[in-house]
Amino acid sequence: MAPRLAHWIVRASAWIVPADARTDWRAEWLAEMAARPSARAQWAFACGAPLHAVWLQKEQWRPEMVTADIRFGWRQIRRRPGVALAAILTLAMGIGATTAIFSVVYGVLLRPLPYREPSRLVQLWEVNPLFSWTEANVAPGNMISWRERNHTLAEMAWYFGSDTRGAGLSTLTLGGSGDPVRVDAMSVSANFFDVLGVAPRLGRAFAAGEDTGGPHRLVVLSDGFWRRQFGADPSIVNRTIPVNGREYTVIGVMPPSFSFDNKPVDFWLPLIMDLAQMREVRRPHYLRVVARLKPGVTIDQARADIVSIASDLEREYPGTNTQMSAGLGPVADWFVGSARAPLLAFLGAVALVLLIACVNVANLFIARTLDRARELSLRAALGASRLRLVRQLMAEAGVIAAAGAAAGIAFAYAALRLFVAFAPEGLPRLDHVGLNVPVLLFAIGITAAVTMVIGLMPAWQASRSDVRSGLGDGGRTTPAAGRMRRTLVAAEVALAVVLLVGATLTLRSFVSLVNVRPNFAMDGLVAGRVTLPGIRYGEDGKSARFFEEVAARLRAKGGVSAAGAVTRLPLEGTVWTGQLFIDGRPDVHGREIRHKTATFGYLETLGLPILSGRPFAAADIANGQLPVVINQTLARRFFPDGDAVGRRIAFDAPAEKVRWRTIVGVAADEPQDGLGMPAQPELYEPEA
């Protein structure tokens, strides 16, 4: 039994040995084994056969042999530079596009947030189907109740929010010896940076109590603003700077990697709140809330905990919390928002492009291999093993793929710079997009995959060719090679059809979006932004008089037919919302309504059609009225009989001294959140 098993080990090990030495190797080992004096000696000798076979195979992959194959592949490419150049350019486009889009996907979707243990950070919001709220701001009283009653959150911070899902930035004016500078500030709770787990690079963050009343005029600068405005002066900490006419003390500077909520922030201020007073304020809703999970707590457990608290609050405060629930999700998902699906779709599209490029180049390689059939057969007849032939063909494919990858990375670098420069507004985390180490590793990985795709198929086809037929027929196309090429062509056409259908659907959506015409006259419109310091224009009516005077001066200039001002331009969402109340209509009390403040002449300047009634005018104010103009959606939804003009509405809770506004006109819907998106009920109130 032992000699038989020893013979089997030697014969099996022979299959590992390179083909050109296999027969001699087997004969030598069997002869040496037969010369052993005993079965035990033969068995011991045979056990070394697998190791020797592996060593011989490894010798075939010595660096100098692999280098020789690469040099030979390069010489083969130089003989047909046209084919090689076509393959390199084809792969460069595919690899470059895929690398560029993956860089965006990695920077936006996959790159970890620059916070401590970002997987434990969650965003909280309110949900109310009565107002069509899905991810709404949080009322201060509800937030405090969540904070005190939850069992799953270790810490909770908050910041001033906006009705457009993100942070609400305050536009302030930095004064000083030079020209005033417009700055964007974010108001946050004192523990905001602690919850995120980020420390300033200079100075300190806000301390406990610095957001609960008192004249805490403190500011933490962003790294970019510190460098841009103060020349990266390291002595900036504890200096005072004039903001909106008041002196603020700089207490810290954040690191350059820090950002939050996808918005460029110049500095952060403490959001001053008296918690004792705000505990019962469950209307209005103006806070965004971020929290850190306790160790071992899952997202689902935390969500169930907060929803349960919201259900209790609905029973305890029916006047403000009817149908008010809560939502909770990872901060990373909150930042990404709706960008995930389009980015993954683009990545899938460019992956198809790369696959088509690979199939195309593989077809070129098969055709080139068929032209070299006589050469490959002759080399096989001279003793070259099948593995050696495959390795040399793979070396040629690797050289082509490496050249294509190098050109593709250069293409990706240029494409990324253009993408970042012309990216759509609101795309999150653009500052993290670039050719970093993970992206380059991805490029190396797809280069290896491309080498396998474009090299294995022709190499496999060449290794299956019969030596005698290859030498005898002069390299004519074999039936197997023809079938493979037809299969590749069919696959290429199928992939191209899938890509074409997707591109056609995308183009149709784009054309439909372009053809959406807003209701206002766009020709000749010019818009600008003006920020007024509160210390100079905070008195009643002072800002209104400023804007009316500016509009009057503009109208007096030649070439200007109309001028006006508004709190938020078309397509920029809304500033704030209130709850609609209609005099004599208790059935609609509490429905959400958007609010804009405008100067006299704004609707005329915009060219927004007045469907019934008229725009508000200065005479309305002189007569003691509170006029408003509502949009068509509000009129259709709550005044279906067309009797909106002359009716009285309010956007604060009915009380003895409720301020009723009189509807003087109905205007066409102004685009609010985006072209093609349905308009929401909205009213315009005069700034005066």
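Guide: The protein exposes about 34200 Å², of which carbon and sulfur atoms supply 59%. The model is predicted. Its secondary structure comes to 24 helices and 19 strands, and 44% of the 688 residues count as buried. Among contacts between residues at least 6 apart in sequence, 76% join residues at least 24 apart.

The part requested is best approached through the largest nonpolar core, which has 29 residues. Within this core, Phe 192, Phe 258 and Trp 268 have the most contacts. At least two core residues come from each of strand E1 (121-128), strand E3 (153-160), strand E5 (181-188), helix H8 (192-196), strand E7 (218-221) and helix H13 (331-336). Helix H8 gives the most, with four residues. Phe 192, once its neighbours within four places in sequence are left aside, is in contact with Ala 157, Trp 158, Tyr 159, Met 186, Phe 258, Phe 260 and Val 290. Another core, of 25 residues, lies apart from the largest one, and its members include Leu 153, Val 289, Ala 302 and Ile 309.

In helix H9 (residues 223-230), the buried residues are Asp 223, Phe 225, Trp 226 and Phe 230. They cover an arc of only 165 degrees around the axis, and therefore lie on the same side of H9. Just after H9, Gly 231 takes a positive phi of about 60 degrees.

The whole structure holds 20 salt bridges. In one of them, Arg 661 meets Glu 685 at 3.0 Å, N to O. This pair links distant parts of the chain, since Arg 661 belongs to strand E18 (residues 661-667) and Glu 685 to strand E19 (residues 682-686), 24 residues apart. Arg 661 is buried, because its relative accessible area is 5%, and Glu 685 also counts as buried, at 14%. In another pair, the closest N and O atoms of Glu 210 and Arg 204 are 3.0 Å apart. Here Glu 210 is buried, with a relative accessible area of 12%, whereas Arg 204 is partly exposed, at 36%.

Val 501 lies in helix H19 (residues 479-514) and, at 47% relative accessibility, counts as partly exposed.

Definitions and conventions:
Residues are numbered from 1 along each chain as its sequence is written. This is a predicted model: local features need pLDDT of at least 70, side-chain atom pairs count only at pLDDT 80 or more; totals for chains, interfaces and linings use all residues. Side-chain values use heavy atoms; hydrogens and water are left out. A nonpolar core is a set of buried Ala, Val, Leu, Ile, Met, Phe, Trp, Tyr and Cys residues joined through side-chain atoms within 4.5 Å. Buried means under 20% relative accessible area, exposed over 50%, partly exposed in between (1.4 Å probe, protein chains only). Contact means heavy atoms within 4.5 Å. The arc is that of the directions from the helix axis to the C-beta atoms. Accessible areas come from the Shrake-Rupley method with a 1.4 Å probe; for residues, only the protein chains shown count as cover. A salt bridge is a side-chain nitrogen of Lys or Arg within 4 Å of a carboxyl oxygen of Asp or Glu.
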